[in-house]
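Here is a set of questions and answers on one protein chain. Keep the sequence and the 3D view open while reading.

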Amino acid sequence: MSMSHLYGTDGEDGVEMESFEVSDWDLQNEFNPHRQRHRQTKEEATYGVWAERDSDEERPSFGGKRSRDYSAPVNFISAGLRKAAAEEFSEDDSDEDEKPVKQEAIPKDFVPKKLKTGGNFKPSQKGFVGGTKSFVDFGSWERHTKGIGQKLLQKMGYVPGRGLGKNAQGIINPIEAKQRKGKGAVGAYGSERTTQSLQDFPVVDSEEEAEEEFQKELSQWRKDPNGGKKKPKYSYKTVEELKAKGRISKQLSAPQKELAQVKVIDMTGREQKVYYSYSQISHKHNIPDDSPQQPLGKDSKPQGFALPELEHNLQLLIDITEQEIIQNDRQLQYERDMVVNLSHEIQKMAEVLSHEEKAIGNLSKVLEVVEECERRMQPGCENPLTLEECAEIFETLQDKYYEEYRMSDRVDLAVAIVYPLMKDYFKSWDPLKDCTYGTETIAKWKSLLENDQLLSHGGQDLSTDAFHRLMWEIWMPYVRNIVAQWQPRNCGSMVDFLDSWVNVVPVWILENILEQLIFPKLQKEVENWNPLTDTVPIHSWLHPWLPLMRARLEPLYSPIRSKLASALQKWHPSDSSAKLILQPWKEVFTPGSWEAFMVKNIVPKLGMCLNELIINPHQQHMDAFYWVIDWEGMISVSSLVGLLEKHFFPKWLQVLCSWLSNSPNYEEITKWYLGWKSMFSDQVLAHPSIKDKFNEALDIMNRAVSSSVGGYMQPGARENIAYLTHTERRKDFQYEAMQERREAENMAQRGIGMAASSVPMNFKDLIQTKAEEHNIVFMPVIGKRHEGKQLYTFGRIVIYIDRGVVFVQGEKTWVPTSLQSLIDMAK
């Protein structure tokens, strides 16, 4: 693409070249891009700026206006108006617009190609300023440039066609000339301002204002044209206005008494002044001589008749009078408020007085009753006071004079009147013979004398509660005497006595009896007890105390277990008396301590007994086996299963194998198998280890009948053994299904809502379910094992699971326990 239209060509070669020379046209074009091209003459090219120019050929100036001839004389307009500059300006523009502008030819090599092709250059447009037609289009040339003058004016609120300034008060049109009336001096015919000046600047001349003020002041010394004197204007303040002002204002409040006598020295003025209260500072008035004379300003007016001292004194009298009125109003309001308050106080005092009179009357009646009781308490009285009459008197006081009865010192009243009568009432009482004697009477006095505001659970001072003091000083000595003579083995009468009084006696007194009187006697008796020589079992005289003593008997269990363990050292399972002695303690001892005691003292004896058992199918002695099975309810199932696995089943399976190897009668073997299985309870048979042993026996019998040796010697043997095996397996399956159904029903009854399909698949899941039911934490102990078994925490107990049995960590060894016992220990 050729660039000749932008840069031009060089001669015949047509090489595109750009001229980098800066000409006068370029300089002029920088200031006015729309100016017309003036062709330079030969003389201008020779002499430059010193060349002579004709008026016709002179170029327009920067403003776009024609040059003026300032050598011509000044022209004046006589008795007329000269045309405004704006009109002349518009006429000149119209003349120039009417004349056609002839654009001179410019050489192609002098002007750049960009300007030749048009662009923004319009020869018909006027100059920079002089060519504009009206002020409405002022600055319109900026739309073709990057100028921001017009934009800044528009942002600042300029509207084309209006004047500049905040109120558009700037002059849009030039100053107008005004025709004067005559040939006098300037100002002789009034104001010389034009209509536009008055419209844009509506301000009255200062001379006219001064004249008006002078006339106004001058008229003040003249008489009223109507003939009368000018009446002064007065402003009044009513008393109600002053009162309202005094209620709102805080400056006129009376000074406090402690500040009224304070001496204040004021050195802020020319002379030192002394005030005798701070309030005088706020009410002080400046004397005219104290303040320096202020120069009169432009707007200040000189006073013709001024008496500042008189005005000051009058104003001071007015202020003092106002303050007195306000103070009197405040004093009156204060007195009215005092009257209202005193009336309320009188009413309250009247109510208090009536209440006090009523209380005095009630107290006088109570005093008469008490004096009557004291009179009847005297030894020589004809009508002595009885305990029942005294109770009726106290009930009357409590019903009719409740407030006085609660406020009075009942302890002293009861000590003086009730205690002597109570001693006479219990002087012939034997608690062990008549345990219910006096319970109703004491219960009645409990409601009359016990302080409801204090807790009756002990710990309070006896001087604050009359009933507690009565029980401690009157009733308690009889109990101490009877307990000192009581034998612990005769526990029935003492237990009955305390049971009948447990709801009447204060709790702290009952605890004192059990801990300080009963327990030492029981402890001493347990130390003297010998299980080998005493014919009376210890549980017969110790267990009746469990409902009353409860955990207080825990210290006695350890010596009891020790004595029982020493007595069982030479015990043999054939002696059933041990079971009778130990069985009552199973529910008393904690599950862990009971299981540990049995594992240590009973289980080894039973194991020795099973070792002595001889299994003989032809002549079987079952005594030793019965001795062991009788302890099934006493020892845990896991302990019993362990004994059978270790001491019974090895010998039993060995006898079965030897019997099958000697051409046996399979019907007898089947009866023998079913007979031994019937000796065990369902709970033992349900244990997985016992199931495995009996299934192992069935497998041995199946292998025996399936072998070629002796298998066909007895017809139907194989079928009978197969039927037996099938029957036993079906029983096991039915028993397991029944157990699962029962477990699911139990869970549904407990509100778990678990279906039969959600029964735990193993023993660990069952323990997890039980733990969730009882809100017990069950989780494995990380990094801890015992004999390869993972340890778990069940609450605060450490356990491990081995073949469906839970073992709890005891003092010296791991003790197997049941799931319910585990839950009880965790709680």
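Q: Is Asp430 buried, partly exposed or exposed?
A: The model is predicted. The relative accessibility of Asp430 is 25%. Buried means under 20% and exposed means over 50%, so Asp430 counts as partly exposed.

Q: Which side chain meets Asp430 in a salt bridge?
A: A salt bridge needs a Lys or Arg nitrogen within 4 Å of a carboxyl oxygen of Asp or Glu. The N to O distance here is 3.9 Å. The partner of Asp430 is Lys433.

Q: How many salt bridges does the structure hold?
A: The pair of Lys433 and Asp430 meets in a salt bridge. Arg469 and Glu473 meet in a salt bridge too. For the structure, the number of salt bridges is nine.

Q: In which helix do Arg469 and Glu473 both lie?
A: Their side chains meet in a salt bridge at 3.0 Å, N to O. Arg469 is partly exposed at 22%, and Glu473 is partly exposed at 35%. The two are four residues apart, about one turn of the helix, and that helix is α17 (residues 466–484).

Q: Which strands hold Lys789 and Asp802?
A: Lys789 forms a salt bridge with Asp802, with the closest N and O atoms 3.8 Å apart. The pair links distant parts of the chain, 13 residues apart. Lys789 lies in strand β6 (residues 789–794) and Asp802 in strand β7 (residues 797–802).

Q: Which residues do salt bridges that share partners join into one network?
A: Here the salt bridges share partners. The network they make consists of Arg489, Glu525 and Asp534.

Q: Which residues does Trp529 touch, not counting residues up to four places away in sequence?
A: Trp529 lies in the loop between α19 (507–528) and α20 (538–542). Trp529 counts as buried, at 3% relative accessibility. Trp529 and Ile560 are 31 residues apart in sequence, yet 8.8 Å apart in space, C-alpha to C-alpha. With sequence neighbours up to four places away left out, Trp529 touches Arg489, Asp534, Val536, Ile538, Ile560, Lys563 and Leu564.

Q: How many residues apart in sequence are Gly246 and Ile325?
A: Gly246 sits in helix α9 (residues 239–248) and is buried, at 3% relative accessible area. Beyond four places in sequence, Gly246 touches Ile326 and Arg330. The C-alpha atoms of Gly246 and Ile325 are 8.8 Å apart, while their separation in sequence is 79 residues.

Q: Which residues does His543 touch, not counting residues up to four places away in sequence?
A: His543 lies in the loop between α20 and α21 (546–549). His543 is buried, with a relative accessible area of 17%. Leaving out residues up to four places away, His543 touches Pro584, Trp585 and Val588.

Q: What is the phi of Arg550?
A: Most residues other than glycine have a negative phi. Arg550 is not a glycine, but its phi is positive. Arg550 is exposed at 62%, in the loop between α21 and α22 (554–567). Its phi is about 55 degrees.

Q: Where is Asn775?
A: Asn775 has a positive phi near 55 degrees and is a residue other than glycine. Asn775 counts as exposed, at 72% relative accessibility. Its place is the loop between α32 (763–773) and β5 (778–786).

Q: What accessible area do Ile148, Leu152, Leu153, Met156 and Leu164 have together?
A: These residues form a nonpolar patch on the surface. Leu164, one of them, lies in the loop between α6 (149–155) and α7 (195–200). Leu164 counts as exposed at 51% relative accessibility. Together the patch has about 490 Å².

Q: Which residues gather in a patch of negative charge on the surface?
A: Glu217 is one of them; Glu217 lies in helix α8 (residues 206–220). Glu217 is partly exposed, at 39%. The patch consists of Glu208, Glu209, Glu211, Glu212, Glu213 and Glu217.

Technical notes
Residues are numbered from 1 along each chain as its sequence is written. This is a predicted model: local features need pLDDT of at least 70, side-chain atom pairs count only at pLDDT 80 or more; totals for chains, interfaces and linings use all residues. Side-chain values use heavy atoms; hydrogens and water are left out. Patches are made of residues with over 30% relative accessible area and no salt bridge: like charges are joined within 9 Å, nonpolar side chains (Val, Leu, Ile, Met, Phe, Trp, Tyr) within 5 Å. Accessible areas come from the Shrake-Rupley method with a 1.4 Å probe; for residues, only the protein chains shown count as cover. Lys and Arg count as positive and Asp and Glu as negative; His and the chain ends are not counted. The place of a charge is taken as NZ of Lys, CZ of Arg, CG of Asp or CD of Glu. Buried means under 20% relative accessible area, exposed over 50%, partly exposed in between (1.4 Å probe, protein chains only). Contact means heavy atoms within 4.5 Å.
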